Amino acid sequence: RDRSWVGALDMSSSLFEWVNSIYRPYPYSETDGREVGSMIDDTSDRVFRGSAWYHPDEMQDNLSATARFNAPPDYAAWYYGFRCARGVSP
C-alpha cells in the first residue's frame, strides 16, 4: 500500500520527471526501439511523467501521478526534474 509494484518508495514529488524513453504512442512494446533507441537518438521527444504543483494551462487536465507527456530533449523548465536510478542485481 505504501510502495510501487517494484518496491519503490517516495515517487511523488513536486516536479514532472524526465525519463530516457523516446515518446511513442501506446500500446507499449519493448521491441519498438523507444528504450534502446534513446541511446543513439538525441532529437526525438522524450517522455516526462507525473505531476507537479505548477501546471501550464495545456496540462491542467491531468494532475495524476501517472500522467505522461512529451517534450524535445533540449527543452528546459523549472518544474521539470529527474530521478537518478540504476539497476541492481538481486
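**View 1. Strand 1 and strand 4 (residues 80-82) pair in the parallel sense over 3 bridges.** Two strands count as paired if DSSP finds at least two bridges between them. Strands are DSSP runs (E, at least two residues), numbered from the N terminus. E17 has G81 of strand 4 as its bridge partner. The model shown is predicted: local features need pLDDT of at least 70, side-chain atom pairs count only at pLDDT 80 or more, and totals for chains, interfaces and linings use all residues. Residues are numbered from 1 along each chain as its sequence is written, and side-chain values use heavy atoms, with hydrogens and water left out.

**View 2. The whole protein holds 4 strands and 0 helices.** From the N terminus on, the elements run β-β-β-β. The 4 strands form an open sheet in the order 3-2-1-4, with mixed pairing. Strand 3 and strand 4 are the edge strands, each pairing on one side only. On average, neighbouring strands of this sheet are turned by 45° against each other, direction ignored. For such angles, axes are lines fitted to C-alpha atoms (for helices, over the stretch in contact), and values run from 0 to 180 degrees between N-to-C directions. Of the 90 residues of the protein, 28% count as buried. Buried means under 20% relative accessible area, exposed means over 50%, and partly exposed lies in between (1.4 Å probe, protein chains only).

**View 3. Strand 1 pairs with strand 2 in the antiparallel sense.** Their pairing spans 3 bridges. W18 stands opposite F48 in strand 2. How many residues of strand 1 are buried? The count is 5 of 7, so strand 1 is largely enclosed by the rest of the structure. In a regular strand, side chains alternate between the two faces of the sheet.

**View 4. Strand 2 and strand 3 run antiparallel.** They are joined by 4 bridges. V47 has N70 of strand 3 as its bridge partner. F69 also belongs to strand 3, which covers residues 68-71. Is F69 buried or exposed? F69 counts as buried because its relative accessibility is 13%. F69 and Y23 are 46 residues apart in sequence. In space, F69 and Y23 are 8.2 Å apart, C-alpha to C-alpha.

**View 5. The side chains of S21 and E35 are joined by a polar contact of 2.8 Å.** A polar contact is a pair of N or O atoms within 3.5 Å; within protein, one must be able to donate a hydrogen and the other to accept it, and residues adjacent in sequence count only if both atoms are side-chain atoms. S21 is found in strand 1. S21 has a relative accessible area of 13%, so this residue is buried. Both S21 and E35 are among the residues that line the second largest pocket.

**View 6. The second largest pocket holds about 240 Å³ of space.** A pocket is an open set of points on a 1 Å grid over the protein atoms alone, where a 1.4 Å probe fits, with protein on both sides within 12 Å along at least five of seven lines; lining residues have an atom within 4 Å of a point. Its lining includes V19, N20, Y26, Y28, R34, V47, R49 and R68. Strand 1 (16-22) and strand 2 (46-49) each supply at least two lining residues. Which strand gives the most? Strand 1 does, with 3 residues. By class, the lining has 4 nonpolar, 2 polar and 4 charged residues.

Conventions
Points joined across faces, edges and corners; volume = space filled by probe spheres on them. Nonpolar A, V, L, I, M, F, W, Y, C, P; charged D, E, K, R; others polar.
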